[in-house]
Amino acid sequence: MTGNNSVDAKEAKQAILDYCLRKGALAVGVADVDALERIAPAGHRPSDIMPKVKSVISIGVGGQTQGAWSVPAKAMGYFGSTESRAYTIAYGAAFFIEGRYQTPAIYCPPDMDNEKGPRVPLQSLKLHAEVAGIGARSLAGDILLHPDFGYMYFASIFTELALAPDQPMAENPCPAPSCVSMYRSIGRTPCQKFCPVQCLSGHIDEDGRQAEMHYDMAACAEMSQQYEAVPAVLAKAMAAEDTQSREDALFDPDNKMLWYKMSVGSGGLLAQCFECMRVCPIATQSPLADPIRRAKAKSEA
Amino acid sequence: MARGLSRQQIGVTVAMIDSYGDLIFQMSHNHQIRRGDPIREMDFTAIEARRDELGMSDGQIAERIGLSEMQVMYIRTMMERRRFHTNYFQRLLDLGGGKRFRQERFTAHEDRFQYHDDAFALREAMTFDPGRARHYAEQGWWADDTLSGWLARNVAERPDAPAVIFDEVVMDYISLAARVDRLAGGLHGLGLGAGDVIAVQLPNLPDYLVSYLAIARLGAVMTTLYMPHRAREFETLLGHSRARSVICLSDAGGFPAAQTALDLDLDKLQSVITIGAAVPGAVPFEDLAAGAASADKLGLPRPVAADPFLLLYTSGTTASPKAVPHNSHTMLGNARLGAAEHGLSADDVILSAPPFGHLFALYSFHLALYVGAANLLLPAFTPPGLASTIEAGRATALFAAPAHMAACLDMGLFDKHDCSSLTLAILSGSAVPDDMARAVDSKLPDCAINQLWGMTETQGGLYCRPGDGIETAATTAGRPAPGAEARISDDGELQVRGSMLFPGYFDNPAANAAAFTEDGWFRSGDLASLDDQDNIAITGRIKDIINRGGVKYNPREIEDLLDNHPGVVQSAIVPMPDKVLGERACCFAVASDPDIDLDGLCQYLLGHGIAKTKLPERLVLVAEMPLTPTRKIIKGRLSLPEPIHSQDPKRDETKNA
C-alpha cells in the first residue's frame, strides 16, 4: 500500500473527522506533524514510529459521566476504560483511512516506553491533542482540559495521508475564574488544595493565567500507580528480622491489595485517582462535560 | 534463579548512586515544571529553553550528564525505590463521593495508633482453638456484640426508656449514652485509648455503669477492684493488670482510695480519676464526664467483638487471684443467648445484689443492656437495703447470692416488704442450700427461683430456666447455657467448654496448664452430679474433698447440717494435713452460741446419720469468715491450726479472735 496523491485532502479530513465524531469522539483535530517532530524528544517523535507520517489525528472522548464524580475514589479508579472508547475509535479510524483512501494509517500505541524512563510514553498523546487544538494543559499536572468538554481521554491516528493541521487553542480554559478567585484567597487552586499527596503547586499571574505549574509525578504515581511498590515491599520483607515483620511487610492490607492488583491485573487505582479532576470546575461543569449536560445542550439547541 | 545485570556489569557503584542519584531523580519526569504555556502558544524558543524542566527520559539524562542510559536507569530506579512512600496509597481509600482530602486531617501510617506492648500482650492472650472458634461463629454464638453497639441500639429503639434507676433518679438510655460518650472523650483526653487497662473501684452507682460503658466505648479494658480492697490489693492487681488508670472514690468509707492509688509506685499507672472530694493529683471524674469532646465527636473508632474488654481477677477460693480476660464474643454472646433463656425483656427492672466488681453482677447488667431493660441499683448490700430497693424500685428480676437471700430470710424481710414484683430470682456465687431455695420460693410464690452456676472464667455456664419448678431449682444448677457444654469427669469434676469460656489466664502459664484438660475442657474444680433430667447439681469443690487415710468424702453435706445447727451461723470444713492419715477435717465456724464445742457438734452430726469417719476433728471458732463479693467463703484464707502429732489426735478446739 502506498500514499494516494489523488485524495482530496479537505474532503478526506472532513470525512475522517465525521467518522470519529460519528463513532463517539467529542473532539477531533489534526496536529501539525512538523511541530510535533520539533517538540517531541528524539525517539518519541511521530516519525520514530511511522517514518512517512504526514498527519497526526487526535481524538478526545468523554471523560466521565456526571454520576461518576460522586463515587468513592477507590471505585472511580476503575473508570478510566480508555481502551474501550478512544482507542477503539482510533483503531477504527485507521482502518477507515486505509479502506477509503488506500493510504497507510496506524492507531498510535498508547503504551509506555519502559526502557526510556519513568512513565515515558512511546508517543505523547497529550502533545498530539494539544497541538491539534483539542486540549490545553492545566495546573493539574498538565492534564489537558477543553472549555466545552472538560476532561477527556485521547487517542491518536498516524497516517501518510496529508491533512491540513489545526491550531492549538487560542485560550487556555485553566484556571477557571473560580479557581483564580480561590488562588487569590488562599494561594492554592482546588486541584492543588485537594490533591491527596499534595503533588501539585504553582502560580497564577496577575492576568489570571498560568505562570508556573509544578507537578511531583513521583508522589502522584506512588499513590495511584504503585509501580515501585513491588520491589520496595519485597526489599522490606527480605530485610525483615523476623517472620512476623516479614508477614507484616508482605500482607498488610495495603500490600495485600497490591498483590491482588498485580496478580489479576486489576485496573483500579493503577492509573489515576481523579481527585484533582473531581474538584476541577472545568472537568466537571463545562457546558458539555458529561452526557446529561450534552443532552440538555442538544435539546436546548 | 533468573537475575538481572549486576552493578558490576552495568558499572554502577554505590558512590555513583549517592553522587548522581538526586540529580537524576530531579531531571527525570518524576518532577515536572512548566513555566507559562509555551506549547499551546507554539513558542519554540521557550519550549527549547524549558524542555528539561518538563522532565527528561533516561537517554536524555545520560547524554546530558555523561553516563550510559543503563546506568541512569539503574540509578533512577534505585532512587525511586529509596524515596518511595509505600503508604501513600492509603490516602485514597476513604476519599471521593464528596469527601475531600485535607492534609490536616490525614495521619500518616507511622503516626497512626498502635497498641502498646502491654495491650498487645493482652490481645495475644485471646487465643482460641480455631475449630471451636469457627463452630461458635457458625452457630451464631459469637457475633458482633459489643456494649457500645447494644447501647446505641437501645438509644435508637427506646431512647426515653429507663436505663439506670438509683434512688429517685432515673437515667434514660439517651442520657446514659450521652454521659458515656462524654466520659469516653474525657478518658481519651487523658491519653487513654484502645487496649489500655482501666481499673474501677466503685460501689454500684450509676457512674460505675457509665465508667464501664465509656471504657468499653474506647476499646479499653476494665479491670475491677472490690470495695474491700486496700493498698495491698491495689498494688497487686493494678500492677499485674498493667492498669493505666483507676477510677475510684476519694473516700471509700474511710479508706482514701484515690490517695492510695496515687501513692503507689507503679510505672504503668498514669492517672487516678476520682469521684467525690477533690484529691490533689487526681483527676475529677466529673470534669471528664462533663467535657465537650465526646468520643463520637472525636471520631474515635468503635470497638469490635473480638477486642478484649474485661480483665477480671478470680474471686475463687484460691489465695492467689488469676487474671481472666474476656472479649465480647465470650462475654456478651453468653448474655445475648441467656436473655431469652431467662425470659428477660425490655420491660424488666433488673437488680443485682452483688457489686459490679463481680462477674455475676456484670452478667445481670449485660442481660439488661441486651434486652433494653432498666438497671435498678443497690450501692452496697445490706439485707434491709436489698428488700426496700426491690419494693421501691419494683424490681422484676433479682440476681443474688445465696447468702444475700439467707440474710433476708433470717431477718424476715420478705414478710416486711412487698417483693411481689419479682418474677425471677437467679441465685449464684456459691452453693445454694436446698432448704434456703425452698424458703425463698415459699416467700415469693410468683417468682421463679433459679440457680445459676458460673465462674469468672465461664460466666453463665449452667442455669435453671424459669419453668423448671422449685424441685429442680432447689437441687440443681440446671442445664448448660446455649453455646456451653458440660461433662462430669470420672472423678466427679464438672468440666465445661463453649462459646462463653475464657481463652486462658493472662500471663499465667502455670495456671493455664492446670486449668484445662488435654482435650480443651475447663476444669471447674467443682464436684457435680447429673440427674435423669440432665440437670447438673453442684455438690462441692474438689479442693474441699477430705482424704482421710484413703477414705475420701465431700464435706458439703456436713457443712449444710452445721449451718442449720442453732449455735452455728456459718461453717467451713477444710482438709488439715496429717502425717498419719494424710488429711483430717478441720471445722471453722462462726458461732452464735459461745459455748459450742466440737463434741457437741459431733453428737449433732452423728444424730443426723453422719458416719464417724466424716466427723470434724478440729474446731476453730472465728469471728467472721473471709468472703468473696458474692459472700462465698474463701477457704484458702482460713488459717489452719498447728497440727497435733498424735496417732489418735484429741479432738481439739481453738478459738481465734
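Helices (H or I, at least four residues) and strands (E, at least two) are DSSP runs, numbered from the N terminus. The exercises below use these element names on a predicted model.

**Exercise 1.** Determine which elements of chain B each supply at least two residues of the lining of the second largest cavity, and describe that lining by class.

Solution.
1. The second largest cavity holds about 70 Å³ of space.
2. Its lining includes Thr146(B), Leu147(B), Ser148(B), Asp307(B), Pro308(B) and Phe309(B).
3. At least two lining residues each come from α8 (147-157) and β9 (308-313) of chain B.
4. Sorted by class, the lining has 7 nonpolar, 4 polar and 1 charged residues.

**Exercise 2.** Locate the largest cavity and describe its lining.

Solution.
1. The whole structure contains 6 cavities of 30 Å³ or more.
2. In the largest cavity there is about 90 Å³ of space.
3. Of the 16 residues that line the largest cavity, Cys174(A), Cys179(A), Cys191(A), Cys280(A) and Pro281(A) lie nearest its centre.
4. Two or more lining residues come from each of α8 (190-194), α13 (275-278) and α14 (281-285) of chain A.
5. The lining divides into 14 nonpolar, 2 polar and no charged residues.

**Exercise 3.** Characterise the interface of chain A and chain B.

Solution.
1. Contact involves 64 residues of chain A and 48 residues of chain B.
2. The two chains bury about 4,700 Å² between them, with 58% of it on carbon and sulfur atoms.
3. There are 2 salt bridges across the interface; one of them joins the side chains of Arg34(B) and Asp142(A) (2.6 Å, N to O).
4. Polar contact links 19 residue pairs across the interface, both residues at pLDDT 80 or more.
5. Strand β8 (residues 210-216) of chain A gives the largest share of the side of chain A that touches chain B, 7 residues.
6. That side has 36 nonpolar, 10 polar and 18 charged residues.

Notes: Residues are numbered from 1 along each chain as its sequence is written. Chains are lettered from A and ligands numbered from 1 in the order in which they are written. Side-chain values use heavy atoms; hydrogens and water are left out. On a 1 Å grid over the protein atoms alone, a cavity is a set of points where a 1.4 Å probe fits but cannot get out, and a pocket is an open set with protein on both sides within 12 Å along at least five of seven lines; lining residues have an atom within 4 Å of a point. Grid points are joined across faces, edges and corners, and a volume is the space filled by probe spheres set on the points. Ala, Val, Leu, Ile, Met, Phe, Trp, Tyr, Cys and Pro count as nonpolar, Asp, Glu, Lys and Arg as charged, and the others, Gly among them, as polar. Contact means heavy atoms within 4.5 Å. Buried area is the accessible area (1.4 Å probe) that two parts lose on being put together, summed over both. A salt bridge is a side-chain nitrogen of Lys or Arg within 4 Å of a carboxyl oxygen of Asp or Glu. A polar contact is a pair of N or O atoms within 3.5 Å; within protein, one must be able to donate a hydrogen and the other to accept it, and residues adjacent in sequence count only if both atoms are side-chain atoms.
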